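Please examine the protein shown here with the questions that follow. Each answer sets a value beside the definition that applies.

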Amino acid sequence: MLNTNIYGMRGEDGSWIPVDSHAIFDEAGRIAPGVSILPGYNDLDWWDAVTRTGFRQEYNINASGSTEKFDVFASAGYLDQSGYVIETDFKRFTGRLAANFRPVSYFKTGVNLAASYSKGSTANVTASSLNSTINPFQTMFYAPIRPIYAHEADGSIEKAADGSDVYSSTGMNAGGNLVQGTYLNKRQTTNLNVDASIYGTAVLPYGFEATVRGGMYRGRVSFNEYANNQEGSQKGVGGLDQEYDRYYNYTFSQALNWSREYGLHHIDVLLNHENYKSQTQLAFYRAAGQKLDYNYTVSNFDEITAFIEQITGYTTESYLGRARYNYDQKYFGEVSVNRDGTSQFAKDNRWGTFWSVGASWIISKENFMAPTSSWLNYLKLRAAYGTVGNNQACSYINYLTLFQMSSTGALQLDQLAAPDLKWESTNSLDVALEGSLFNDRFSFNIGFFDKRNADLIYSLVKPWSGGTTNNSGFNPSVLTNIGEMQNYGFELMFGVDIIRNANVTWDFNIDASFIKNKIKKLPNRRDLPGSSLFEGRSIYEKYMVEFAGVDQMNGRALYAMNPDSPDFYTYYDGGTRKYNESLWKSQLDAAKNEGSYVQINGKDYTYNASYAGRKLLGSALPVVYGSFGSNVAWKGIKLGVLFTYSLGGKTFDTNYAQLMGFSQQSASALHTDVLKGWTSVPEGMTADSPNRIDANGIPQLNTQTSTMSTAISSQYLVSASYLTLKNISLNYDLPQKWVNAMKLQNISVGFLMENAFIATARKGLNPQASIDNAVGSGGAYYQPARTYTFQLNVKF
C-alpha cells in the first residue's frame, strides 16, 4: 500500500503506523507527542538531490618561435567541466595559430586563425525559465515534507520491477517530479566557431604605411531541448525543440598610416576605412508525439507542431581619421573623427558623425619639477572629450513593420516600424591625474568622468491600439530615441609597496568608484511613472509601494497610501504635470469599500498594496564600489588575496519575499523569520497609541491575509552593500637549480580558491547579480560557486 503521509508513530508491537493528517498536530499547532517522520523518509532534501560537487580540468599548451623574417605562435587548449547542478556538463577544445612573414624590408604579411568547438548540457535554468517547475533552483521553495520517491505504508521506498527506486508522482509531485525530470529531460548546445584574418602591409617612402586587412567569422550553433514522455507536462507525449543557427561575419579594412619625427616633435596620422557585414540564418523545429524512448531525433516524433526559418543581417561602414602629436614625450595631443553608417536605420538616419580630442602632460618632466625628483618619480595629467555612436540595442531592420508566419500559417505582427530611429551617442569627458612617489613605492590615479548618453535607444511600450506582437497578449513596444542620461563620478586607485627588498615583497592595492546617474531628458519632457522613469532622477530608482510596518492591533501589513504619489498626476508635454485628485479619490474610495483602509495618527494607510500610491524609495546604485587586495612574495612563494565591495544602494530580495508567504493550496518552504511574526496585541496597545505601527515588524503568518501582507513593496527592499573575498591564490616557483637540471625554464605549482565568501545584509542574498530598476535581484538562478583549483605550469 502506498503512503502519502510522511508522519507516523510506533504501535504497541513496535511497528510504525501512519497517522491521519488531523492527528499530526496538537491544539497548539505543534507536532503531537509520539509523532515523527517515518523511517525511510531520508529523501526530503531536494537541493541535495539536484546538486553535486562540480569538477573542472583544463589543459593549455603554447609554443612560439621566430627568425629574422618569420615568427609564429600556436596554442591549444582543452576544458572539461561538470557543474554543481546535475546534468550540467561542458567540454571545449580551442586552438590558435598566428604567423607573420617579412620577406623584404618594405612588405610584411600575416595570418591569424582561431577555432573552438564546445558541447554542453544544462539543466532547465535560463532567464526564461526562472519560474519553471523543472528549474532545479526552485527546490529552495520546496517544503521539507515533500518526498522525492514513492513510499510504502511503513515508510520504505517503493521499488520497481528492476529494483530501482520509484519516483513520486502524486500529491505535490502530481505535476512532475523535478529530480526525475532533470535526469530525463535534455538541454544540449553545440558550438563551432572559426575566426580567421589576413593582412598585408606595404612600407612606403616618406614614412607612409598602407595596410589591407580581411577577416571572416563562421559560427554554427545547434540547440536541442527534449521534454520527456514519462512525467511532467509532456507525460505520455514527449516533446522536442531543435534550433540551428549559422553566423557569417565579414570585415574588410584599408588603412594608411603616416609617421614622422622632426627633432623633438613626433606626428602620426591614420586614415581608415572599414566594411562589416553580418548575417544570421536560423531554423527552428518543434515536434511532439515521441515514438521510441531515448531517441531524440525529429524523425522519432509524430508531427512537427512549429517551424520557423529566418535569415537576417545588416551591414556597417566606417571612415576614421586620427592625428596624434607629441613633443619630447612630454606633451601629447590627439584628435579623431569617425563617420559611421548602418543599414539598421532608415536611409535618412543611417549615418552618424562622432569625434574626440585628447591631451596629456607629463608634468614630472618639467624643469621646474626638479626639486621634487627625490620623492616624485612620475606625474601625468590627461584629459579627453569625445562622442561615440551606439547601435547595439537595435534589431536588424528597425524602420519597417515586420510580420512572421505563425505555426498555423497565419501572418502575425512581429515588429512595429521605427522609421525615425537613429544613432545613440555618448559624449564623454575624462580627466585624470596619475603618478608614483618614493622610488615608485606608492602609485595613484585620480579621475573624474562625465558620460552623457543622447538619443537613448529604448523599447517604449505603446497602447493596445498598436496591436500585440507575436500573439503574445502584451502591449506592443517600439524602439525609440527617448532622451538623455548622465553618468558621472570619480575613480580612485592607490597602490603601495609595503615591503620591497631582495627577499620579500609585499604590496597593497585599492580602487574605488563613485558614480551617480541622472535622467536629463525624456520624450516630450514627460515623466513616465509606468516605466519608473523621471527626469532628474536615476534610471535605477526603486519606485514601488511603501511598506509602513505592521499594525500591532491585528498583525497585518500596512502600506502608506501616499496621496502625493506620482501615480496620481497627469503628465503633459513640456515637462508640466497636474495633480489629478480624482485618481487619488478613486483609490481611497476603493480601499474604504473593500474595508482595507485605516487611518492611524492622522495618516492614510491600506492593508491592500494595490490601493497605495507608489513612491521613489532610493536608487539601486551604490555610493561606492571597487576592490582591494594584497600580494606577498618570499623565496618563490607567492600569496595573493582579492576582495570586492559595494557600499550603498538598495535591492529587492525576491527570494526572501517568496519565502515569507504561503497559501493553503500548496505547502512551501518558509524563512525562519516568519517565527518572528506578530502573534498578539502588545499589552496596553490601543488604536490611538502613537507606536501602533511597528516599522520593523513582520506580519502575522495568516493564510487569509498572507497574499496582501507579502505584496511587492519596500518591505523586502534591503541594502545592496556587500563584501566578497573573490579569490585567494598561492603559488610556488620551484628552485631554479632543480628546473635547470630538467632542462626547463620554469616550473610552478599553485592553488586558487574563488568566491570564498560573501557578506550581505541578509544570508542568501547576492546583490552582485545586477543593478537595474526592476523589481528585484535573486530568483531561481545560478549563483557563483566556490571553486578550488590546483595548477601546474611548466615552461620549456
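Q: What makes D328 partly exposed?
A: Buried means under 20% relative accessible area, exposed means over 50%, and partly exposed lies in between (1.4 Å probe, protein chains only). D328 has a relative accessible area of 30%, so it is partly exposed. The residue lies in the loop between β14 (301-327) and β15. Helices (H or I, at least four residues) and strands (E, at least two) are DSSP runs, numbered from the N terminus.

Q: What kind of model is this, and how are its residues numbered?
A: This is a predicted model, in which local features need pLDDT of at least 70, side-chain atom pairs count only at pLDDT 80 or more, and totals for chains, interfaces and linings use all residues. Residues are numbered from 1 along each chain as its sequence is written, and side-chain values use heavy atoms, with hydrogens and water left out.

Q: How do you know whether N349 is buried or exposed?
A: N349 has a relative accessible area of 19%, which means that it is buried. N349 is placed in the loop between β15 (331-342) and β16 (351-362).

Q: Which residues are in contact with N349, leaving aside its neighbours within four places in sequence?
A: Contact means heavy atoms within 4.5 Å. By this rule N349 is in contact with P419, D420, L421, K422 and W423. The side chain of N349 also reaches the backbone oxygen of P419 at 3.3 Å.

Q: How do you know that β6 and β7 pair?
A: Two strands pair if DSSP finds at least two bridges between them. Strand β6 (residues 70-82) and strand β7 (residues 89-104) have 13 bridges and pair in the antiparallel sense. In β7, N100 is the bridge partner of D71. The two strands form a hairpin with 6 residues between them, and E87 in the turn has a positive phi of about 65°.

Q: How many bridges join β7 to β8?
A: There are 14 bridges between β7 and strand β8 (residues 107-121), which run antiparallel. V111 in β8 is the bridge partner of A99. β7 and β8 form a hairpin with 2 residues between them.

Q: What is the strand order of the open sheet of 5 strands?
A: The order is β31-β32-β28-β27-β37, with antiparallel pairing.

Q: Why are β31 and β37 said to stand at the edges?
A: β31 (597-600) and β37 (693-694) each have a single partner strand, so one side of each is left without a neighbour in the sheet.

Q: How many bridges join β27 to β28?
A: Strand β27 (residues 547-551) and strand β28 (residues 556-560) run antiparallel and are joined by 4 bridges. G549 stands opposite L558 in β28.

How values were computed: A polar contact is a pair of N or O atoms within 3.5 Å; within protein, one must be able to donate a hydrogen and the other to accept it, and residues adjacent in sequence count only if both atoms are side-chain atoms.
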